[in-house]
Amino acid sequence: MSTITALDPSRRREGRIELYVDGKHVTTVSLDIIERLALRVGTSFEPVAEAVAREAAVLATYDRAVTMLAFRARARSELRRSLIRKGEPAEQVEAALERL
């Protein structure tokens, strides 16, 4: 059984948390993901693995969108096209745009 072994602040991205399972880095999440999925050190990872993967993918798309917007303002449609052109899945792009 896989167990969450650490939730450490990311050194590279402020406001992000590195998730470790059985001592190995799995993904980067945000505090709201940790709270929403009730991620805690010592708990089983298997029941939430798919949800964590999905949420982390949307978060990565969101972070990419924010980085793009930091360079210059873009219309929603332009940002959507750019993210999809860069290889982000459409469903993740929509979720990220809704959050923005």
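Begin by selecting V29, which touches R16, I17, I34, V52 and L59 when residues up to four places away in sequence are not counted; contact here means heavy atoms within 4.5 Å. The model is predicted, with local features requiring pLDDT of at least 70 and side-chain atom pairs counting only at pLDDT 80 or more, whereas totals for chains, interfaces and linings use all residues. Residues are numbered from 1 along each chain as its sequence is written, and side-chain values use heavy atoms, leaving out hydrogens and water.

Next, select L19, V29, L37, L39, F45 and V52: these have the most contacts inside the largest nonpolar core, which has 16 residues. Such a core is a set of buried Ala, Val, Leu, Ile, Met, Phe, Trp, Tyr and Cys residues joined through side-chain atoms within 4.5 Å, where buried means under 20% relative accessible area (1.4 Å probe, protein chains only). Colour β2 (16-21), α1 (31-37) and α2 (49-71), each of which supplies at least two residues of this core. The largest share, four residues, comes from α2.

Then move to A65, L79, L83 and L97, which are among the six residues of a second, separate core.

Finally, display the whole protein chain. Four helices and three strands are present, in the order β-β-β-α-α-α-α from the N terminus on; helices (H or I, at least four residues) and strands (E, at least two) are DSSP runs, numbered from the N terminus. The C-alpha trace spans about 45 × 25 × 20 Å along its principal axes. Of the 100 residues, 34% count as buried.

Conventions. Buried < 20%, exposed > 50% of the residue type's maximum accessible area, 1.4 Å probe, protein only.
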